[in-house]
Every structure is written in structure tokens, then in C-alpha cells.
Amino acid sequence: MSRGVLISIYIITLLLTILFTSPTTSHYSSPSPPAAPFSESPNEPTSPPAAEWLSAHATYSSSSDDTRDSVDGACGYGDPLRDGYGTTAASLSETLFVRGQICGACFELRCFEEDVPFDRRWCVSGSSIVVTATNFCAPNYGFDAESEGGHCNPPKQHFVIPVEAFEKIAIWKGGNMPVEYRRSR
């Protein structure tokens, strides 16, 4: 072999060794998590604070005759009943949906019993449900956000959930219910 070929092989071997053994060249590694903050008392619980409850409204849909999910819904998850979401699939208003960035997120909902002008008899006291964002509740700009037909119009935060899930937190005759929600795990 000529001297030029040997030098070329040596350089290629050297480059490959550097590329595959250097920890800084790995495109698949993630940085180490930050160290836990120093605590004066080692017996303190380290659980994260509870998520804050936010205000919204919820209405129900009949899962047996609802055709909105028949074309995979806005998130592309398919038929919620057939594909494992059951009666926990939710459609979210434009304000909550964030152009699909919230797809797959889970939310805990409960009836908002402290809403003064609201008739509390429609709430199922002390209960909550967890739903998964699987679809988009399109705005109806023919109505304003406060009217009967504008539930999903901006700036409303609104959930449309199957009647089976709705009945766990409210009486279905209540219609458009004030609820509180928070992100769930």
C-alpha cells in the first residue's frame, strides 16, 4: 500500500473514533436533570403544588349519535369509543384547544358550585371527572359568546363532553354548566 492510502485510512479511523466516542457529539443525549435544591430539613415532602382550578363551562353531547368524531376528530385519534377513550373524550373551545397543541392533554373537571347566580341543584356535589382533549369545538360566529349558540366562541373556555361523563358532575338537564378545571396527569 502506498503511503497516501495509509495516511487516508489513519485520518478516517481517527475521525470515526472521535465522532463515536466523544460524549459531546451525541445527538440523542439529554442534559442531566438539575440537582435537587438544598433543603434545611430533609424530611420535607417534595410533592409539586396542586394545580390551580380555573373557570370554564361545559355542555354534553350524546356519544351514541354524535358524528363529529367520525372523521378522526381534530386531533386524529379516531373514534373515541372504539379507540379506547370511551366516555372521557372531550372537545375543547378555540381558547383551550390552542390550535391542537393541547391534543391528548387530560383535564379534571368539577361542577362550580360557588357561582352565585347559578342554581346549584344541577351539580353533583363533591365529584369530578378526568377527560382527554381529543377534538375541537368550532366557534359559531353567528352567535356572540354569551348566547346559547356561542358556547365555543372566543374568549370562552368550554368543554363538550359525552353525556355519560357529564352526568357524573352535573344533572344533564342543567345544560351549559359552570365548571372548574385543571390539568391532570
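Guide: Helices here are DSSP runs of H or I with at least four residues, and strands are E runs of at least two, numbered from the N terminus. In this predicted model, the elements run α-β-β-α-β-β-β-α-β from the N terminus on, which amounts to three helices and six strands.

Visitor: How do you know that a disulfide joins Cys 75 to Cys 103?

Guide: The cut-off is a pair of cysteine sulfur atoms within 2.5 Å. The sulfur atoms of Cys 75 and Cys 103 are 2.0 Å apart, so the pair counts as a disulfide. Cys 75 lies in the loop between strand E1 and strand E2, and Cys 103 in the loop between helix H2 and strand E3, so the link ties together parts that are 28 residues apart in sequence.

Visitor: Why is the disulfide of Cys 75 and Cys 103 called left-handed?

Guide: The torsion about its S-S bond is about -80°, and the disulfide is therefore left-handed.

Visitor: What makes the disulfide of Cys 137 and Cys 152 right-handed?

Guide: Here the torsion about the S-S bond is about 80°, so the disulfide is right-handed. The sulfur atoms of Cys 137 and Cys 152 are 1.7 Å apart.

Visitor: Why is Cys 75 called buried, and why does Cys 103 count as partly exposed?

Guide: Buried means under 20% relative accessible area, and partly exposed lies between that and over 50%. Cys 75 has 15% and is therefore buried, whereas Cys 103, at 22%, counts as partly exposed.

Note on methods
Residues are numbered from 1 along each chain as its sequence is written. This is a predicted model: local features need pLDDT of at least 70, side-chain atom pairs count only at pLDDT 80 or more; totals for chains, interfaces and linings use all residues. Side-chain values use heavy atoms; hydrogens and water are left out. Buried means under 20% relative accessible area, exposed over 50%, partly exposed in between (1.4 Å probe, protein chains only).
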